[in-house]
Amino acid sequence: MDIYRDAILDHYKHPRNFGALPSPTHTAEEYNATCGDRMRIEVLVQDGKTEPIVADIRFSGEGCAISQASASMLTERVLRRPVSEVLRLSPQYVFDMLGASLTPSRVKCALLPLEVLQKAVLKEKTLETAERSGVA
Amino acid sequence: MFDAAVIRKDFPMLSRPADGKGLVYLDSTATSLKPAAVLQAMDEYYTTYGANVFRGIYSISERATAAYEGARGDVARFIHARDTREVVFTRNTDESISLIYYAWALPALGRGDGVVTTMLEHHANFVPWLELRRVKGIDLMFWEPDETGLLPIDALETLVSKKTKLVALTAASNVLGTLPPIGEIVKRVKRINPGCIVLVDAAQAAPHMPLDVSAWGADIVAFSAHKMLGPTGIGVLWGRHEFLEGLPPFTFGGDMIKEVHRDRAVYQDVPHRFEAGTPYIAGAIGLGAAVRYLEHLGMEDVRRHEMDITAYALKKLQAVDGVTVYGPRDPKDRGGVVAFRLEGIHPHDVAQVLDDDRICVRVGFHCAQPLHECLHIGPTVRASFYIYTTEADIDALIQGLLRVQETFR
Ligand SMILES: Cc1ncc(COP(=O)(O)O)c(C=O)c1O
């Protein structure tokens, strides 16, 4: 399968959820030193019916078509999904989502957004629980 | 003058598969392709006289020793060393420089001492000096290139002083192709401070142009076999004999020792003092064959061919819309390497699409991240050339770039 299939090019040229949120509850940023890619993800977590959900999300940064398309697709998919589900997403989920056969050197690009997203919701969540339970 | 199209036949990796596209190899700066002569020399060692060196009285071991030391002689001749003992075999350029770090800089330098390096360096000749500043508190100063990648020579007057113990610089940038005038630089440095050691990273110079370490007047020169038609895993540290002779060993064990007793050991003279353990014998033999192959072509002609190809590549690249080329404008001022960016397209994507046509370029920071930061640019695409590069390779690259632009339009 072609790595630059139409869906990937479409998300790359017209990224969804690109930009910043006015008041995110969770943010994270990663820098991939081998290719100079920078990715930032901002999330607004709110209480859903039964558990916290991703109420809104934006990504920004610069990177290759694979990392940008991966971020665009991923943000679209996790919108309004429970945070607990986001934390369970696997690399395989991203590969299936992209639907392209990635060469080994591009795997890192594809997974950067998921890494940043999980870091964002994970990091601040533990901090919050720690604060709430008075440990911090 | 040799014909690149003809010598391509000497390189097995360039033989075109009957059914597919030929390789367009534009990454010789990372590592060069190897001619059959080098592979045969290594093969011959393993298949006919593959014994250890320095140990046997039997004839194949003596032949192995002679071949190993013969390769040292080949390298010494190739770089115009005055004395074969000045050539030490290491693993690669990084290890050659690290050897100097551990055997000399770390014990000898400290607070109050100055080290000068440049913003053109490969990490191999940059990280050791950052580390030396961290652990020994030396003053580290950076020689900055101008916007075309040239080092302004007069800056030496302010950078180098009586306190400067080391100037470590490249003879050819692996990104911009800049060729600092080493002879002139060494002269200037030694005029200000005769005791200052000058270390030259020649990883991108040794493969591509005539090298005369004696004429340079430097103290240490480092390079790797695999960038000059030889095998991976063997490199060279050339050091002025009086300088090397004063250094302690870097690794210990066999072959680097004269005598060992309960209470003491006496080390070998240079270069063997720095070559503990069974060396990469086949590698040295392969490097010797590579050097002879290059000598046969003539290094003046190697340089001329690369200058021609680089001039052609610069002209063709600059004619492509959206291409920005970095480095010196004049091909005379640069080696056979061109770093560039395609407007609006990430270098990764450029390389990925080119790979469909079996065009090999390198993308990223090329182990020279400080240089990219100094130029305020992101990662770049790098095409680099060697003796087997033809104008057809450049044309294929240009066609490939147009296809990249079409893909991401
Ligand atoms: C200028 C320069 N120095 C040092 C090196 C490191 O060489 P090696 O990886 O063989 O140690 C390279 C290779 O990329 C280089 O281009």
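## The sheet of chain A

In this predicted model, 3 strands of chain A form an open sheet in the order S1-S2-S3, with antiparallel pairing. Strands, like helices, are DSSP runs numbered from the N terminus (helices are H or I, at least four residues; strands are E, at least two). Two strands pair if DSSP finds at least two bridges between them. S1 and S3 of chain A are the edge strands. Each has a single partner strand, so one side of each lacks a neighbour in the sheet. On average, neighbouring strands here are turned by 15 degrees against each other, direction ignored.

## Partners across the strands

S1 (residues 26-32) and S2 (residues 37-47) of chain A pair over 7 bridges, in the antiparallel sense. Across this pair, Glu29(A) stands opposite Arg40(A) in S2(A).

S2(A) also pairs with S3 (residues 52-62) of chain A, antiparallel, over 10 bridges. Which residue of S3(A) stands opposite Val43(A)? That residue is Ile57(A). Leu44(A) has Asp56(A) in S3(A) as its bridge partner. A hairpin of 4 residues joins S2(A) to S3(A). In a regular strand the side chains alternate between the two faces of the sheet.

## The sheet of chain B

Chain B has 14 helices and 15 strands.

S14(B) and S15 (residues 380-384) of chain B run antiparallel and are joined by 3 bridges. Here Gly364(B) stands opposite Thr380(B) in S15(B).

## Around the ligand

The residues around the ligand (a heavy atom within 4 Å of it) include Asn92(B), Asp94(B), His122(B), Asp201(B), His226(B) and Lys227(B). The shell divides into 2 nonpolar, 7 polar and 3 charged residues. Ala, Val, Leu, Ile, Met, Phe, Trp, Tyr, Cys and Pro count as nonpolar, Asp, Glu, Lys and Arg as charged, and the others, Gly among them, as polar.

In Asp94(B), a side-chain N or O atom is 2.3 Å from an oxygen atom of the ligand. A polar side-chain atom of Asp201(B) lies 2.5 Å from a ligand nitrogen atom. For His226(B), the distance to an oxygen atom of the ligand is 2.7 Å. Taken alone the ligand exposes 390 Å², and the protein buries 89% of that. These areas come from the Shrake-Rupley method with a 1.4 Å probe.

## Overall size of chain B

The C-alpha trace of chain B spans about 75 × 55 × 35 Å along its principal axes. Its radius of gyration, taken over C-alpha atoms, is 22 Å. This agrees with the value near 22 Å for a compact globule of 409 residues. The globule rule is 2.2 Å times the number of residues to the power 0.38.

## Conventions

Residues are numbered from 1 along each chain as its sequence is written, while chains are lettered from A and ligands numbered from 1 in the order in which they are written. Local features need pLDDT of at least 70, side-chain atom pairs count only at pLDDT 80 or more, and totals for chains, interfaces and linings use all residues; side-chain values use heavy atoms, with hydrogens and water left out.

Key:
Polar contact = N/O pair within 3.5 Å; in protein donor to acceptor, adjacent residues only side chain to side chain. Axes fitted to C-alpha atoms, helices over the stretch in contact; angles between N-to-C directions.
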